[in-house]
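Trainee: I would like to learn how to read a few local features in a model. Please take them in turn.

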Amino acid sequence: MRNVQFLVVDDCLTVRNLVRNIIHTRLGSDKVILATNGVHAIQILESHPIDIIISDWNMPEMNGEELLYHVRNNHQLKDIPFIMMTSNGGRDFVITAIQNGVSHFVVKPFKAEKLEAAVNKSWNSASKRQSTRHSALPPHKALIYSGRTLINGQITNISRTGMQLQAPYSEALKLFQTTKFDVTFEHDTGLTLLNLAALHGTIVRIEVNDERVKDCLFGVRFDLEAFSETTQVSVDALLDFLDKQAPDEVNNDH
């Protein structure tokens, strides 16, 4: 987890430093940002990309519960694993915290291996969600842009990190090329509000699907930093919609 960015939130300096040391020695990451309370944490979340939040529950100004509510109700932050540190290990309290969106929890005082296990479980669960692909897309048209060339295709599966498209072979589409895509749903599907505009991604795989008609499968990894806020909201809305359907999922990587 060397490249994972942590945010540790606790009003106690000793606890912050202990957690930072555990992350460094047990998980191998030096990317740890410290915050003293929920208000401070939100300021950091607005200006730094964070992969995992480890937060105390009882803090002044804004406690962990309020911070959790802010994170889970922000479309850009809602999928970040949130690990709760608390001195309250009561069953009812823990169940309520998990229902409110906590990924995992550790009860103070805790040993280093307990926090390490909580981080690994939370990170693995988040990574699995990110890589889940949905292939049961309603009727749609995918437009692939390559310079002045416009190619029609179909999405065969999509996840939060990328997609696979089926399209005719074109010399204009090359491996490791960064490309723009638009996706529009047919009107009779009732999903035109979920149309996706200006998806940016890199072609990471090209496979010949049918040599007779020169049909290809293109694996695309999204360039999430190039997405506008509107595009990201639309992708999240589409995947949330697909999650609620009878899911047709493929779990292998792009």
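Mentor: Begin with a polar contact, meaning a pair of N or O atoms within 3.5 Å; within protein, one must be able to donate a hydrogen and the other to accept it, and residues adjacent in sequence count only if both atoms are side-chain atoms. Here the side chain of asparagine 37 reaches the backbone nitrogen of valine 39 at 3.0 Å. Asparagine 37 also has a side-chain polar contact of 3.3 Å with glutamate 61.

Trainee: What should I know about the model before going on?

Mentor: It is a predicted model, where local features need pLDDT of at least 70 and side-chain atom pairs count only at pLDDT 80 or more, while totals for chains, interfaces and linings use all residues. Residues are numbered from 1 along each chain as its sequence is written, and side-chain values use heavy atoms, with hydrogens and water left out.

Trainee: Is asparagine 37 buried or exposed?

Mentor: Buried means under 20% relative accessible area, exposed over 50%, and partly exposed in between, with a 1.4 Å probe and protein chains only. Asparagine 37 has 6%, so it is buried. It lies in the loop between β2 (32–35) and α2; helices (H or I, at least four residues) and strands (E, at least two) are DSSP runs, numbered from the N terminus.

Trainee: Which residues does asparagine 37 touch?

Mentor: Contact means heavy atoms within 4.5 Å. Leaving aside residues up to four places away in sequence, asparagine 37 touches Val9, Met59, Pro60, Glu61 and Met62.

Trainee: How do I read burial along a helix?

Mentor: An α-helix has 3.6 residues a turn, so residues three or four places apart point the same way. In helix α3 (residues 64–72), the buried residues are Gly64, Leu67, Leu68 and Val71. Viewed down the axis of α3, they fall within an arc of 100 degrees, so they line one face of the helix. The arc is that of the directions from the helix axis to the C-beta atoms.

Trainee: What do the buried residues of α3 pack against?

Mentor: Their partners are β1 (6–9), α2 (38–45), β3 (52–56), β4 (82–86) and α4 (91–99).

Trainee: How does the chain look as a whole?

Mentor: The protein chain has six helices and 13 strands. Of its 254 residues, 43% count as buried. Among its contacts with a separation of 6 or more, 62% are between residues 24 or more positions apart.
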